[in-house]
Amino acid sequence: MVTTGAFHGVARSEVGLKFLPQPDRLAFSLPGTHITLVANEGSELTAEVLRQLEQEGHPAVVLNLPNVPNPVADRAITISSASDEAVRTAIEAVRSHYGEVGSFIYLHPHFEFQQGNFIQHFPAEREIVKTLFFLAKHLQKPLNDLGKQQRASFLAVTRMDGQLGQGRRGNVSVFGGGITGLVKCLNLEWAPVFCRVVDIQPELHPKTIAAQAIAEWLDPDVSHVEVAFSEEGRKTTSVQPVEVPEHQEIRTNVTSGSVFLVSGGARGVTATCVIEMAKAFQCKFILLGRSSYGFEIPAFAGEEQDESALKRLIMEDMKARGEKPNLAAVKQIYNNIVAKREIDDTISRVEAHGGRAIYVQGDVTNPASFQMELKAATDNLGKVTGIIHGAGRLADKYIQDKTEADFENVLSVKLDGLLALLQSVNIHQLDHLILFSSVAGFYGNVGQTDYAIANEILSKAAYLFKTNHPNTHVSAINWGAWDSGMVSGELKAQFEAAGVTLVNSQGGAAMLVNELNEAYANQPQVIIGGTLPAAVSYLGDELRTYRIHRKLTLEANPFLNHHVIQGKAVLPVVNAIGWMAHTCEKVYPDYNLFKVEHTRLFKGIVFDGTQKEDYIVELKEVAKNAEQIVFETTVLSEGEKLPTFHYKATVTLLNKKMEREAPKFNPQLSGRFQPENGKGLYEDGSLFHGHYFQGIEQVLDCTDSQIVLSCKAPEVPLSEQGQFPVGSVNTFFTDIQYQGMVVWVQRQMEGAKSLPLQTDSAVVYRNIPFGKELFVHIGITEATDFKMVAECTVYDEEGTVYMKTTGATVTVSKQLVW
């Protein structure tokens, strides 16, 4: 048992998958000057994708990749090699023969390895991913140019396990898992382009895989960049923050006899972590790095720390020795001095805490460069029981500026380095494998496409290694940006301006110690630190119109079984409003719902067997700027001659960066009403609603001018919400306020019942979570034999308003029967 240190606000989040409904379908077509390009993956899947695209009215051109069998002959171009130039030449050939690329669908070949041969397909798959990398580079301009006018897309399809590598299979070839990192970065760099990567279960029939790939390609929702699809359904990644108490005792099998082989461990962030581990465990370290440790710090350097002053001393020494100073030589000597000091400092601090450390010079990508020294170190300290792979390299540039050297240099340190470390030890005797990955892979980051690929592969490799070596504690730590290491002062300032919290060095190192807790032994991936800047929507100058189809079924929406009238499931009006509003948010995910106005119900959707199967949401932009976007929205279905209109509303989105000042509300109760338990309303027939809509906890007041409720929306599992997941507005809670209006009508207008009809305006100030007690005040502004109109205010015990609804109108009828 050891005690962790202080975390200084550094957060820990666990990674998993969460339910997604099947996507809606955006109606669009490319201009006659543009084509859809499909990368051939070498099996019957390519032919099936081409066939289904043809059926959808999107004939495609095929791109044959190098190192992929079964090239297509008709309407096809072949890339001769995985080089930058070969890819450029192929894209030029596509343009000259068939037209500009307006949409790209990349099908990644399916690889598996046998008998634990981790690197069986490594070289071939690496070349294919490199080809995709340069395809992105050369498709950057045409896709972004078109995306400023209309839909342009970049879709990548992988077949690891249908779980984004989290499926715990022992034979997944994980190199293709890096594609998720590439696409997430492109999504940030290419604001006008729809970017998506979907990982599909490989055992599914090619027709099913092709249909799902095309469904993802047509999805109007740009908020989800990575998706998984398997027999279990459709999912996306989830992040769950976890509270971790400081200064707690943890159980771990790290002892003073543990020996860790650490790449990049003598300097920077990794060294900070090593020192903290020595403090906690008094264990041993073999620190592997490129810096020369045999360098002797010259006497003239003394204790000088200032870079300019030290370089001046170096030049003076060179002149004194009769050498002509040059910048390269001065820089080299300076770097050697700094490296030597840092290595010495790391080793001395490890030893001061009771640990031991030996520095080994070598290239982590080349096992032969350090094998002899490694053997000498293990003879001294003992066999290696753990690996910490902390080495990394950056070459930050936009994708269009990347070179082959950038790609190889960045990937080799992470990937070849991992293989070299694993080949240098007995992996069956490893107690720990700790991989330093990055949120640049998990979330994507501008300028870091190659770095994101490398880190996503490390994260997928962690799941794979854990599956095949269940007794090893494996953790791919997706670090947030640190306040030291490779994060420069300029980058720090950018992160802070974007609201990104940097990892405190002491707190991050303490978190690493905490991660060695046996309680986390079955969590191969974790996020430590903050997020990165999110994508920014492309607005453009032209106002656009979107027509989005939804195949609406009762089976896909289990919650509807909790909203049944006269034996038939009925789509609640509030869910229809949420449908229109959430669809707007899907198109512009960095905006949130602020206001819904002029809501009208024309013909509700009743699941009585006569309902349509295909419904259309039409979004028409009427105004937009950096602060807000206004849509006219309609839900309709096509008829034999004319469309049927179901719902209309004007929806206003507000940029997430805009602050909303919530007003205060302090209603006065009459003092003449004895509060009632709300549960009885659902038992005595006053309300027909099933469990998911039963949120009235108490009726606090009911007079001829108001009704006041205490409410709490029951938790509705995401899978039960179906095609109507809660977005910025909790539609299940919103329905509860209309229930209050129904109760008022029954009590004040004897024998009458009511249903929602229309709303003038609803303004959202705060998100309403499930399970939170809030209050609803319904002030009656008009009541006749045919309708009742009210103002509804949702507020908390401190009077902070969450939502304000005006002109909420329900029908009134004595003939209405539940």
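## Helices, strands and aromatic rings in a predicted model

In this predicted model, helix α4 (residues 179–189) and helix α12 (residues 449–468) cross at roughly 145 degrees, and their axes come within 7 Å of each other. The crossing in which α4 passes α12 is right-handed. On the α4 side, the residues that meet the other helix are Thr180, Gly181, Leu182, Lys184, Cys185, Leu186 and Glu189, while α12 contributes Thr449, Ala452, Ile453, Glu456 and Lys460. Sorted by class, this contact of α4 with α12 is made up of five nonpolar, three polar and four charged residues.

Strand β27 runs antiparallel to strand β23 (residues 591–601), and eight bridges join the two; here Lys595 stands opposite Thr652 of β27. Strand β27 also pairs with strand β26 (residues 628–637), again in the antiparallel sense, over 10 bridges. In that context, Val635 has Tyr647 in β27 as its bridge partner, and a hairpin of six residues joins β26 to β27.

Phe194 lies in strand β9 (residues 194–200). Is Phe194 buried or exposed? Its relative accessible area is 4%, which is under the 20% cut-off, so Phe194 counts as buried. When residues up to four places away in sequence are not counted, Phe194 touches several others, including Arg151, Phe154, Trp217 and Val222. The C-alpha atoms of Phe194 and Asn144 are separated by 9.6 Å, although the two residues are 50 places apart along the chain.

| Pair | Centre to centre | Angle between planes |
|---|---|---|
| Phe134 and Phe407 | 6.4 Å | 50 degrees |
| Phe693 and Phe732 | 5.2 Å | 40 degrees |

The pair of Phe134, in helix α3 (residues 122–147), and Phe407, in helix α10 (residues 404–423), links distant parts of the chain, as these residues are 273 apart. Both Phe134 and Phe407 are buried. The other pair also links distant parts of the chain, with Phe693 in the loop between α16 (679–683) and β29 (696–702) and Phe732 in helix α18 (residues 731–748), 39 residues apart. Phe693 is buried at 0% relative accessibility, and Phe732 is likewise buried at 0%. These two residues belong to one aromatic cluster formed by Phe559, Trp579, Tyr615, Phe693, Phe724, Phe732 and Phe770.

Conventions. Residues numbered from 1 in each chain as written. Predicted model: local features only at pLDDT ≥ 70, side-chain atom pairs only at ≥ 80, totals over all residues. Heavy atoms only, no water. Axes fitted to C-alpha atoms, helices over the stretch in contact; angles between N-to-C directions. Helix = DSSP H or I, 4+ residues; strand = E, 2+ residues; numbered from the N terminus. Left-handed = near helix turned anticlockwise from the far one by under 90°. Contact = heavy atoms within 4.5 Å. Nonpolar A, V, L, I, M, F, W, Y, C, P; charged D, E, K, R; others polar. Pairing = 2+ DSSP bridges. Buried < 20%, exposed > 50% of the residue type's maximum accessible area, 1.4 Å probe, protein only. Phe/Tyr/Trp six-rings, centres within 6.5 Å; stacked < 30°, edge-to-face > 60°.
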